[in-house]
Amino acid sequence: MKRISGLLLAVCTALFMAVQTAFSAPVRTDWESLAEECFGYFTQQRGAEEFWDGLEPGAADWAAYCRARLYGGSGAEDYADLLERHVEELAAGGGFVRPTEYQRAAICISAAGGDPSMAAELGAYGCETLDRQGFNAYIWALIAVNVTGAQPPQHPVNTAESLAEHIISLQHADGSFSLMGEGGDVDITSAAVYALSGTDIPTAVEAAQRGADWLCGLESYSSMGVRNCESTAQAVIALCAAGRNDKAQQAAVQLEEYHRRGGYAHLPDGGINQLATTQALEAFTALALAQRGESLFAAPGEAAGSTQEISGDTQNSQESGGDSTDVMTENAAETEQSAGIIHPESAAANGGKLTGTHIKIILSAIMGVAAAVCLVLFFVRRKKALLPAAILLAAVCGGVWLLDIRTPEEYYSQSNGGTLHVTVSADCSAALSHMDSIAEDVNPTEVIPQDGVVIAACEVSLPEGASAFDALNAAAREQRVRVDYSGSAYGAYIRSIGYICEFGFGETSGWMYRVNGEFPEVSASGYRLSEGDVVEFVYTCDLGRDVGDVFYSRNTTDTAR
C-alpha cells in the first residue's frame, strides 16, 4: 500500500504542477513587440504586405489608430481621406446615425493626420441625439473632444465640461460606472476613467481616480462574472490613463492567458477572436506609449498631460496601494468595441467563479487519477482487466479537452465577432393591451416586462452572411435572454423570447420580425443581413396587424419565423 500511496502522490503532484503551469503567465514588458504581432494579424487578414496597403474604414479602425499613435500617420493619408469621405456621406444621408460612428471616425482621422473637425462636431459638439445611444455615447463624445482637440462651434450643444458633468453624475458610490444597475462594470468603468482622465477639469480627474481605485481593487477583470480578454485590456488602458502604470502592467500579464499564436482569444480556452485581438492591441499600445511618457488617446504628437496632486481618500488609497501618487491628466480614452457590444450587465468582476476550463481541469484530473490508480493496481495485483480500464480512463482524460464545455456565464458572454454591424431588439409592447386575454399557463404574467422591452436595442457584430436569426441569438446572449426555437423546412421557427411564448395571447399570437421597418418574406434564419440593418423582433397578438404588417395573411404556424 505504501508503494501505491507513493505513486498516487506522485501522480497528484504532477497534475497539480500541470494545472499551476496552465494558469501562470510569464511577465512581459516588451509591449511594442506584442503590438507588432497584433498588427501582423490585421495585415495578414487582408492579405496585404504592409499595414496601410489598401486599408479601408471598418473593423480595423482601432488597429489603424494604434498604428498611427505608435509610428505616426505616414502612409495613412488615403485611409484618412476615405474616413473623411465616409463622414460626409453619413451626414448627407439625412437619417439617424449612431453618434459613436462619428466619434470613432473623428478619433481615427485625427491620428491619421486628417481633419477631424466635421466628425467631432457631428458626434460631439453639435450632437443632439447622444441620449438615443445612451451613456456610452456621452463617454465617447468626451473622448473625441479630448483626442481631436477640435475647437467647438460658437454655440455648442455639448462641451467637455457638460459631457464630463453628465458622466460624473452617473458614478456609483464605490467609484465604478455601469450601463445599468448599481453594480460596477469593468468595461464601462474603464471607458469612463480614460475619458475623464483626458480632461483638465479637476472634478473629472478626481472622478477618474476614484474609478481607477475601483479597478485597482480587482484581482482579475470580468464581464458577467466571466474573465475575458477584452475586459482585461480595457482595464489596462484605463489604468495607464490614470497614471497607475505598475498596476496596468500587472493586469497586462493576465492577457498572456488569452494569447494564441498570431492573436488573442475572447476566453481562456477559446480560439483567436478579432475583437479580443483588437482590444489586446490597444492595451499593448497604451503600455508602449506610457513607456515614452505619452498617452494612448492624447492628440497625435502630444505627450501625456502634467500631473496634478490628489488630496483626501484618493491620494491615500494610491499610497497604500503602491501605485503612483500622482494623477496623470493624459488625454486618455478607450477604443469603443467597434466590432461588438459593451455588455450591459451589472455584476461586479469575480475571477473566482467556475468556468468551463475549470470543469475540464477537474474532470481531466479525476480521470487521470483514476487511470493512474488502475494502472498501479494492474502492476501490483496483476489483474489484466484493469489495463483496458486504465487506457480508457486516460483517453477520457485527454478527450475532455476536445469538448466545448462552458458555464452559463461563458455561453451568454461569448461574442460572435465580425465585420457586419447591425442593431437588434425584441419587443412585446403589443401584448400589453391584451393582458385580459393572456393564457397564464403559457405566459405567466410576471414574464411580461412592464415596458414591453424584452431585448433592449443594441448593436452586435456578426460575420458576413449572418442571418436575422444569428443577430437575435447574439443579442440574447449579451443580455442573458432565453430564446427557444425549432427547425423546419422554412428555417428556424421562434417559439419564445424571454419566456414569452407563441399562443400566449390566443391562436393568432407569436413572434415576427422586421428589418429596416419591413417584414421579410423568409424566415429569420433565411434572411441575410447587410451592414447597418435594424432588426426588430416583435410579438403580435393579431397575425401582425397590431405591429404594422397590415397585409399579413399567413396561417398561425407561419407567424413566428
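Colleague: What is the accessible surface of the chain, and what percentage of it belongs to carbon and sulfur atoms?

Modeller: This is a predicted model, in which local features need pLDDT of at least 70, side-chain atom pairs count only at pLDDT 80 or more, and totals for chains, interfaces and linings use all residues. Residues are numbered from 1 along each chain as its sequence is written, and side-chain values use heavy atoms, with hydrogens and water left out. Accessible areas come from the Shrake-Rupley method with a 1.4 Å probe, and for residues only the protein chains shown count as cover. The surface of the chain comes to about 23,900 Å², and the share of carbon and sulfur atoms is 53%.

Colleague: How many helices and strands does the chain have?

Modeller: Both are DSSP runs numbered from the N terminus: helices are H or I with at least four residues, strands E with at least two. On that basis the chain has 19 helices and 13 strands.

Colleague: Which residue of β13 is the bridge partner of Tyr513?

Modeller: Two strands pair if DSSP finds at least two bridges between them. Here 6 bridges join β12 to β13 (residues 534–540), and the two run antiparallel. Within β13, the partner of Tyr513 is Phe537.

Colleague: With which side chain does the side chain of Ser178 make a polar contact?

Modeller: Ser178 sits in the loop between α9 (160–169) and α10 (186–197), and is buried at a relative accessible area of 6%. A polar contact is a pair of N or O atoms within 3.5 Å; within protein, one must be able to donate a hydrogen and the other to accept it, and residues adjacent in sequence count only if both atoms are side-chain atoms. A polar atom of the Ser178 side chain lies 3.3 Å from the backbone oxygen of Gly183. The side-chain partner, at 2.8 Å, is His172.

Colleague: Which residues does Glu121 touch, not counting those up to four places away in sequence?

Modeller: Glu121 belongs to helix α6 (residues 117–125) and is partly exposed, at 40% relative accessibility. With contact taken as heavy atoms within 4.5 Å, the residues touched are Gly126, Cys127 and Pro153.

Conventions: Buried means under 20% relative accessible area, exposed over 50%, partly exposed in between (1.4 Å probe, protein chains only).
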